[in-house]
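Welcome! Here is a short tour of the structure shown below, taken one topic at a time.

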Amino acid sequence: MQRRHCLITLFAATTARLQAAEPRRNVTDMAGRRVGLPARIERVVTLGSLPVLNSFVFTLGEGRRIVNGLADFKRPHWKYQTVFAPQLADQPTLQQPNREPNVEAILQARPDVVLTLHRESVDRLAALGVPTVFLAWREPEDVKACVHLLGAVFGKPEAAARYQRWFDTTLARVAHGLRGLSEAQRPRVLYLQPETMTQPRLIAEWWIPAAGGMSVSNDGRSTETRSFTLEQLLLWDPDLLILSSPQALERVRADRAFASLKAVRSGRLHLVPVGAHTWSNRTAEQPLTVLWAAHTFHPARFATLDLAAETRGFYRDFFGHTLDNTEVAEILGGQL
């Protein structure tokens, strides 16, 4: 009863604050909902897949607005979340371990907007008067739509359009570098999670071919993860393995079950970079993934590509953060 009374009180206070905030404006989110927002966004809560959502906010140069912490994303792997937005290290957790929203804590945080990729949370928060914007990312280029929507949320359409141009231009540059590439010249690649024997992210079936590779796990699936047996892996015998953590890399090197693989024998084991998010997963950094992978798959074709300069330029121009040489090397090395 006491908790219910607290929620009712917080709901009333939230509603009164939002009603008093003038002027109001509307945006249409990716569920087709009209969401009323204050003229200026000062306090943002991100819910669910925090590294992904935060990467969107960082891209608009608004990371300082986020008022929630990283919840279960506090491992060293996510170091650059707090480099790009230092306040995240000391902010409260506003979601449960299962990533359900902590409604009472969110109301106490007094957000101007909540951003989430989880449709289930939207109606529950909206019913309490919390402006909640739903973003959806299924297809690779949906990231441009997400950034476009956030350009409207933050009142920065020019910044969103600049990102969209950079996205398209970067992919076009890679495609130009791959002109004349035959199927036989495409290395056979697997993005591998050795602990679970899976290809863990559907998005890799986009960036691997975009970078001039042939993904051995691409069977036209629509599921996020694909599992396979060791026997299937040995039959695929990929030329390159892409791994997302130093632990995964060491497991592949140490486990004799992988020793006969061509990628292991030739030493073509590659750690994917890690910035705001793991580049091989869903993140606003996605075109950087294609640049990195193209350079990794076809070093001769992309010999003049300066990955360090590309990386430094992206985070400076979009995130508003200037990386030093050590930070650039750490991101590209994927050792976190």
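## Strands side by side

Please keep in mind that this is a predicted model. β10 covers residues 240-243 and pairs with β6 in the parallel sense, over three bridges.

Strand β6, residues 188-191, also pairs with strand β8, residues 214-215. This pairing is parallel too, and two bridges hold its place in the count. Look for Arg188 here: its bridge partner in β8 is Met214.

Next, find helix α13 (residues 307-319) and helix α14 (residues 325-333). Their axes come within 10 Å and cross at roughly 105 degrees. Because of that angle, α13 counts as roughly perpendicular to α14.

Which residues of α13 and α14 meet? From α13 come Leu307, Ala308, Thr311, Arg312 and Tyr315, while α14 brings Asn325, Val328, Ile331 and Leu332. Sorted by class, the contact of α13 with α14 has six nonpolar residues, two polar ones and one charged one.

## Aromatic rings

How many aromatic pairs does the structure hold? There are 19. Ring pairs link a cluster made up of Phe58, Tyr80, Phe84, Tyr163, Trp166, Phe167, Trp206, Phe314, Tyr315, Phe318 and Phe319.

The charged end of Arg119 sits over the ring of Phe134, at 5.9 Å from the ring's centre.

Methods: Residues numbered from 1 in each chain as written. Predicted model: local features only at pLDDT ≥ 70, side-chain atom pairs only at ≥ 80, totals over all residues. Heavy atoms only, no water. Phe/Tyr/Trp six-rings, centres within 6.5 Å; stacked < 30°, edge-to-face > 60°. Lys NZ or Arg CZ within 6 Å of the ring centre and 35° of its normal. Axes fitted to C-alpha atoms, helices over the stretch in contact; angles between N-to-C directions. Helix = DSSP H or I, 4+ residues; strand = E, 2+ residues; numbered from the N terminus. Parallel < 35°, antiparallel > 145°, perpendicular 65-115°, else oblique. Contact = heavy atoms within 4.5 Å. Nonpolar A, V, L, I, M, F, W, Y, C, P; charged D, E, K, R; others polar. Pairing = 2+ DSSP bridges.
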